[in-house]
Amino acid sequence: MKDLKELALSYYRGADIVAQRIAERRRRLNKLGKGSREAGILRDELNVLYRERRDTLETADLLWNYYGGDRHAQVH
């Protein structure tokens, strides 16, 4: 069973994966015309991904800080 720090690290890794998905969609969006249907879909997806990443990082921070640690000293 994982302790809270290990669980927090899993969440941080998950946030990194979401960040990669965001970057990939932003690259695709930059190649499209602003008014295209696909661009609108990508913008909607990005909004969801930004919220997902924020929520994942908030959860990771709560788990990590439960011990009173500084995540920046350990994680990044």
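Glutamate 52 is partly exposed in this predicted model, with a relative accessibility of 31%. Its side chain meets that of arginine 21 in a salt bridge, with an N to O distance of 3.9 Å. Because arginine 21 belongs to helix H1 (residues 4–30) and glutamate 52 to helix H2 (residues 37–65), this pair ties together parts that are 31 residues apart in sequence. Arginine 21 likewise counts as partly exposed, at 35% relative accessibility.

A further salt bridge is formed by arginine 25 and glutamate 24, whose closest N and O atoms are 3.4 Å apart. The two partners fall into separate accessibility classes: arginine 25 has a relative accessible area of 17% and is therefore buried, given the limit of under 20% for that class, whereas glutamate 24, at 26% relative accessibility, counts as partly exposed.

Aspartate 55 pairs with arginine 54 in another salt bridge, in which the closest N and O atoms lie 3.1 Å apart. Aspartate 55 is partly exposed, with a relative accessible area of 36%, and arginine 54 also counts as partly exposed, at 43% relative accessibility. Beyond individual pairs, salt bridges with shared partners join Glu24, Arg25, Arg28, Glu38 and Glu45 into one network. Arginine 25, buried at 17% relative accessible area, and glutamate 24, partly exposed at 26%, are thus among the members of this network.

With a side-chain nitrogen of Lys or Arg required within 4 Å of a carboxyl oxygen of Asp or Glu, the count comes to seven salt bridges. Side chains of opposite charge can pair when their charged atoms come close.

Terms used. Residues numbered from 1 in each chain as written. Predicted model: local features only at pLDDT ≥ 70, side-chain atom pairs only at ≥ 80, totals over all residues. Heavy atoms only, no water. Helix = DSSP H or I, 4+ residues; strand = E, 2+ residues; numbered from the N terminus. Buried < 20%, exposed > 50% of the residue type's maximum accessible area, 1.4 Å probe, protein only.
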